[in-house]
Amino acid sequence: MPATALRRNRPPNLSAAPEPTTPTTYQVTGLRVLRSEWAKFWTLRSSWITLGVAAFLLVLFGAIACYTYSPDAVASAGPPGPGASSGDSDAVSLALTGVSFAQLAIGVLGVLLAAGEYSTGMIRSTLAAVPRRLPVLWSKAAVIGPIALVLTTLGALAAFQLGTPGLDGEKIALSLGDDGVLRSLAGAGLYLGLVAVFGVALGVLLRSSAGAIAALVGILLILPGLASLLPDSWYDTLSPYFPSNAGSAVYALHQSSDALSPGAGLAVFAGWVALALAGAAYRLAKTDA
């Protein structure tokens with residue numbers, strides 16, 4: 001038999017080692033961190049539930065306020081608080097009555113998105129995968145902020161549209177085409193979107209769900225009431241710059257004489273959020289998980 005035929009019929013060499021393969025490596029990028037936080041957000045049942053609760057409260061209380069409106073009751077209630085709309089109530093302020101309740105749900109959701117990982121210990125795995133750390137904070141804020149903005153803006157529009165029929169024949173009745181209405185409704189969504197980011201910042205800064213939620217409630221709801229104990233001159237000067245009062249100026253249709261303009265209110269509240277984010281970034285970068 002020819003030698004070439006013997007070589008052709010020779011069995012394969014099973015003892016030969018397989019060629020080594022190079023493991024696939026993935027670089028940590030901002031987009032990949034963002035996609036990771038997006039997946040974590042939507043796979044948590046609490047995210048769906050809390051978003052639904054926020055939208056429900058926004059629509060429910062806005063519609064109820066419109067259908068139960070009474071000019072005599074409003075006149076006997078006294079002047080509005082600082083930072084709110086002045087004079088008589090209007091259709092927008094009634095439709096946005098639920099913002100005070102929705103901000104708590106949205107803020108708590110932001111806190112849970114950040115501080116929840118500290119309570120479960122998952123933050124160690126997250127930071128091991130993203131050693132630079134800060135992209136985690138930016139991605140969490142970038143995920144929840146736009147989601148809250150879009151959802152609550154739609155909720156504000158729904159509350160206004162559902163409540164408008166209840167004000168038929170009233171002097172304060174408005175339509176979407178009236179001056180400032182769309183700006184106010186969009187401002188409510190923008191304010192609540194920033195509240196969600198504020199919650200994320202407090203969650204990372206305090207690293208405790210209970211502590212961050214308590215801080216959120218204290219800053220947005222309790223601080224303005226405590227400030228009323230200050231001398232009148234101090235209160236009149238400082239009150240418009242409190243987070244909740246500055247935020248209410250963003251979506252108020254008409255401002256009182258001692259309130260900020262919508263643009264100034266947005267700048268002040270965004271400054272508070274930026275300050276909280278800066279503190280959260282410093283602690284995240286400088287201290288252990």
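This is a predicted model: local features need pLDDT of at least 70, side-chain atom pairs count only at pLDDT 80 or more; totals for chains, interfaces and linings use all residues.
## Nonpolar core

The largest nonpolar core holds 67 residues. Within this core, the residues that touch the most other members are Phe 41, Leu 96, Val 99, Leu 137, Tyr 191 and Phe 269. Helix α9, which spans residues 181-206, supplies the largest share, 14 residues.

Leu 137 is one of the residues with the most contacts to other core members. Leaving aside residues up to four places away in sequence, Leu 137 is in contact with Val 200, Val 204, Leu 277, Ala 280, Ala 281 and Leu 284.

## Ala 159 in helix α8

Helix α8 runs over residues 134-163 and includes Ala 159. Ala 159 counts as buried because its relative accessibility is 0%, where the cut-off for buried is under 20%.

With residues up to four places away in sequence left out, the contacts of Ala 159 are Leu 58, Val 59, Gly 62 and Ala 95. Ala 159 and Leu 185 are 26 residues apart along the chain, and a distance of 9.6 Å separates their C-alpha atoms.

## Helix α8 against helix α13

Helix α13 covers residues 262-286. The axes of α8 and α13 come within 9 Å and cross at roughly 145°, and the crossing is right-handed.

On the α8 side, the contact is formed by Leu 134, Leu 137 and Trp 138. Their counterparts in α13 are Leu 277, Ala 280, Ala 281, Leu 284 and Ala 285. Sorted by class, this contact of α8 with α13 contains eight nonpolar residues, no polar residues and no charged residues.

## Helix α8 against helix α6

Helix α6 consists of residues 99-120. The axes of α6 and α8 come within 11 Å and cross at roughly 160°. The two helices, α6 and α8, are therefore roughly antiparallel to each other, since angles over 145 degrees fall in that class. The crossing of α6 and α8 is right-handed.

From α6, the contact involves Ile 106, Leu 109, Gly 110, Leu 113, Ala 114 and Glu 117. From α8, Lys 140, Ile 144, Ala 148 and Thr 152 take part. By class, the contact of α6 with α8 is made up of six nonpolar, two polar and two charged residues.

Technical notes
Residues are numbered from 1 along each chain as its sequence is written. Side-chain values use heavy atoms; hydrogens and water are left out. A nonpolar core is a set of buried Ala, Val, Leu, Ile, Met, Phe, Trp, Tyr and Cys residues joined through side-chain atoms within 4.5 Å. Buried means under 20% relative accessible area, exposed over 50%, partly exposed in between (1.4 Å probe, protein chains only). Helices (H or I, at least four residues) and strands (E, at least two) are DSSP runs, numbered from the N terminus. Contact means heavy atoms within 4.5 Å. Axes are lines fitted to C-alpha atoms, for helices over the stretch in contact, and angles run from 0 to 180 degrees between N-to-C directions. A crossing is left-handed if the near helix is turned anticlockwise from the far one by less than a right angle, and right-handed if clockwise. Ala, Val, Leu, Ile, Met, Phe, Trp, Tyr, Cys and Pro count as nonpolar, Asp, Glu, Lys and Arg as charged, and the others, Gly among them, as polar. Angles under 35 degrees count as roughly parallel, over 145 as roughly antiparallel, 65 to 115 as roughly perpendicular and the rest as oblique.
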